[in-house]
Amino acid sequence: MISRNTTTLLKRLSPTLRIAMPNSHLYAHHGSPFKRTESTQSLISLNRNPFKITVIGSGNWGTTIAKVVAENTQHFPHLFQKDVNMWVFQEKIDGENLTDIINTKHQNVKYLPNIDLPENLIANPDLLDSIKGADILVFNVPHQFLPKIVESLKGQVKPWVRAISCLKGFEVGKKGVQLLSSYITDELGIQCGALSGANLAPEVAKEHWSETTVAYQLPKDYKGEGLDVDHKVLKALFHRPYFHVNVIDDVAGISIAGALKNVVALGCGFVEGLGWGNNASAAIQRIGLGEIIKFGQTFFPESRVQTYYQESAGVADLITTCSGGRNVKVAKHMAKTKKNAFEAEKELLNGQSAQGIITCKEVHEWLYTCEMTDEFPLFEVVYQIVYNNFPMEGLPEMIEELGPIEE
Ligand SMILES: NC(=O)C1=CN([C@@H]2O[C@H](COP(=O)(O)OP(=O)(O)OC[C@H]3O[C@@H](n4cnc5c(N)ncnc54)[C@H](O)[C@@H]3O)[C@@H](O)[C@H]2O)C=CC1
Ligand SMILES: O=C(CO)COP(=O)(O)O
């Protein structure tokens, strides 16, 4: 039996699906066949000026998210100021500033080639100028560059500004292991949530359907609906017909999942590069998921186990990264060529970053401090392979030796 709602939906969608299904970007702008919930965006009314957005970062994901945001600011002029600033770490491409290329050709030819960007996305090489008047900061840089950026922003950001971190990684320092959103909050004194999901940037940039999770907790100084950033505003900012957003509270859960799946992906790349096939890769992902959940429960007890399997950030992100992400590619290349991680990253990624290389070191340092490296054998063996030339072929024995994951 097909319900009346389903029949109506099928009738509504069938012409679109028949014509457009092979090439998803064609239907992306004509209503969404994947809509899970009714749109609430048009119902939001603001009792303040529309929010001004700045995206800090312009790499592969930084530029993609800036594109998403700039499309939505065009779409919701009652909520957002149309022009979106994107801070670009300046570099020359054939003698020309990357910012000038982005602002005239409307493509990021180095980090997101062949993708047209909205004309209301303005590249700016001056960090402080780019955040002038911004109400919402979207952080999106490889996480090794975050401390320097945050240092430059200290004292320059008003306390009522809100932020979302799209970064995948941790900050390990004096305060132990920290979520990057908490690090931003602590350093800049602003509320910060996170966006994380099964989101290979090139696919999102081509407007192929995917899901993501945004997590945000209302701050103590929340000004109220229509006056401040909340879940509805964030859904309006990030949701697109091809990029489906679910907004939740569990910032820790989605951040841990996003950071640690990059370490697991290196493990998958090693076994794939050794030619061990799908069973070995699945084994790494199973063990990895267990360690991700255990890490969360041990060090961030506020994170929810359900997040890992109910949200795009979690198992889905693990699967997509281990199938086609940069970390898996770099690790495969290491296995095949015997190059080290940094050489492989440089050779393959044209300036992009495989964040698992740094994250596995940060995780090792933290676990070592806690005398818990043995309890996370996969994370530890990945670190040993990357930094101490431990032979990849010894990976199964090392995992076995360090012991099974405790219940
Ligand atoms: N690319 C992807 O598919 C996805 C990436 N992410 C996460 O998003 C974050 C950002 O990644 P991407 O945008 O892909 O970056 P990327 O890997 O493309 O890195 C290149 C960016 O780093 C910048 N950069 C280089 N040196 C710098 C310096 N000294 N200071 C500041 N910036 C510098 C470059 O200008 C460029 O914008 C990472 O944490 C990543 O894990 C999350 C989801 C998907
Ligand atoms: O985070 C990602 C997909 O969600 C991207 O993974 P990689 O950095 O391994 O490409």
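Predicted model: local features only at pLDDT ≥ 70, side-chain atom pairs only at ≥ 80, totals over all residues.
Two residues are in contact if their C-beta atoms, placed from the backbone, lie within 7 Å. Residues are numbered from 1 along each chain as its sequence is written, while chains are lettered from A and ligands numbered from 1 in the order in which they are written.

Start with the contacts of Asn 327. Leaving out residues up to four places away in sequence, Asn 327 touches Asn 262, Ala 265, Leu 266, Gly 269, Thr 321, Ala 354 and Gly 356. Asn 327 lies in helix H14. Helices (H or I, at least four residues) and strands (E, at least two) are DSSP runs, numbered from the N terminus. Burial is counted in C-beta atoms, placed from the backbone: a residue is buried if 20 or more others lie within 10 Å of its own, exposed if 12 or fewer, and partly exposed in between. Asn 327 has 29 other C-beta atoms within 10 Å, so it is buried.

Arg 326 is also placed in helix H14. Arg 326 counts as buried because it has 22 C-beta neighbours inside 10 Å. Its contacts, again not counting residues up to four places away in sequence, are Leu 349, Gln 352 and Ala 354. An unreviewed UniProt entry carries the annotation "binding site" for Lys 168, Arg 326 and Asn 327. UniProt positions are given in the numbering used here, feature names are shortened, and annotations may be inferred rather than shown by experiment. The annotated residues are spread over 160 residues of sequence, yet they cluster in space, with a largest C-alpha distance of 13.0 Å.

Strand E8 (residues 170-173) and strand E9 (residues 176-179) run antiparallel and are joined by 4 bridges. Two strands pair if DSSP finds at least two bridges between them. Glu 171 has Gln 178 in E9 as its bridge partner. The hairpin from E8 to E9 passes through 2 residues.

Next, the ligands. A residue is near a molecule if its C-beta atom, placed from the backbone, lies within 6 Å of it. Ligand 2 has 13 residues around it, and Asn 199, Thr 321, Gly 325, Arg 326 and Asn 327 come nearest. Helix H10 (251-273), helix H13 (312-324) and helix H14 (326-337) each give two or more residues to this shell. The largest share, 3 residues, comes from H13. By class, the shell around ligand 2 has 3 nonpolar, 7 polar and 3 charged residues. Domain 1 and domain 2 both give residues to this shell, so ligand 2 lies between them.

Ligand 1 has 24 residues around it. Gly 59, Asn 60, Trp 61, Phe 89 and Ala 201 come nearest. Helix H3 (residues 60-75) gives the most to this shell, with 3 residues. The shell around ligand 1 divides into 10 nonpolar, 13 polar and 1 charged residues. Each of domain 1 and domain 2 contributes at least three residues to the shell around ligand 1.

Helix H17 (residues 377-388) is mostly covered, with 9 of its 12 residues buried. Among them are Phe 379, Glu 380 and Tyr 383. Their cover includes H10, helix H11 (277-299), H15, H16 and helix H18 (395-402). Asn 389 follows H17 and has a positive phi, near 55°. By contrast, Asn 350 is exposed, with 10 other C-beta atoms within 10 Å. Asn 350 sits in the loop between helix H15 (341-349) and helix H16 (356-369).

Conventions. Nonpolar A, V, L, I, M, F, W, Y, C, P; charged D, E, K, R; others polar. Domains from an automatic or database assignment.
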